[in-house]
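User: Please guide me through this protein chain by way of a few questions and answers.

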Amino acid sequence: MAGNIPPNLIEPAAAPQHFVPPSTRELRAQAVHRLQVGLFGLCAMLLIVGLANIIMDRARLVDAEDPIQQVVAADAKPKRQVADPLADIGVVPAADPSPTPSATGDATESAGTAPLAQ
């Protein structure tokens, strides 16, 4: 087994390899290939944008003409406002402050300021 040495599949280069410029046929084939890839990509993007546009139009159409929403809105129970427990106990100010009625009805007396006497 040790005596069997596989033959070289690639012969070593005896002389230096020189650059061979591509022929006009190869250059034309590369240009056609690039053109085909570019046109395919352009068509794919056009197809994706068109499909997205159709989906968005259908979604707008369904949202605009849905009569069941009016029936559901009329039959629905009124929702109670979201409670803010921190504002209820006075830790933070309320997001929608409501004016508190004063006992006397005069805003200047309830704030603790009296009109100046002359």
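This is a predicted model: local features need pLDDT of at least 70, side-chain atom pairs count only at pLDDT 80 or more; totals for chains, interfaces and linings use all residues.

Analyst: Residues are numbered from 1 along each chain as its sequence is written, and side-chain values use heavy atoms, with hydrogens and water left out.

User: How many helices does the protein chain have?

Analyst: Helices (H or I, at least four residues) and strands (E, at least two) are DSSP runs, numbered from the N terminus. The protein chain has zero strands, and its elements run α-α-α-α from the N terminus on. The number of helices is four.

User: What percentage of the residues of the protein chain count as buried?

Analyst: Buried means under 20% relative accessible area, exposed over 50%, and partly exposed in between (1.4 Å probe, protein chains only). Of the 118 residues of the protein chain, the share that counts as buried is 1%.

User: Which side chain meets Asp 57 in a salt bridge?

Analyst: A salt bridge is a side-chain nitrogen of Lys or Arg within 4 Å of a carboxyl oxygen of Asp or Glu. With an N to O distance of 3.2 Å, the partner is Arg 60.

User: Is Val 92 exposed, partly exposed or buried?

Analyst: Val 92 is placed in the loop between helix H3 (85–88) and helix H4 (107–110). Because its relative accessibility is 32%, Val 92 counts as partly exposed.
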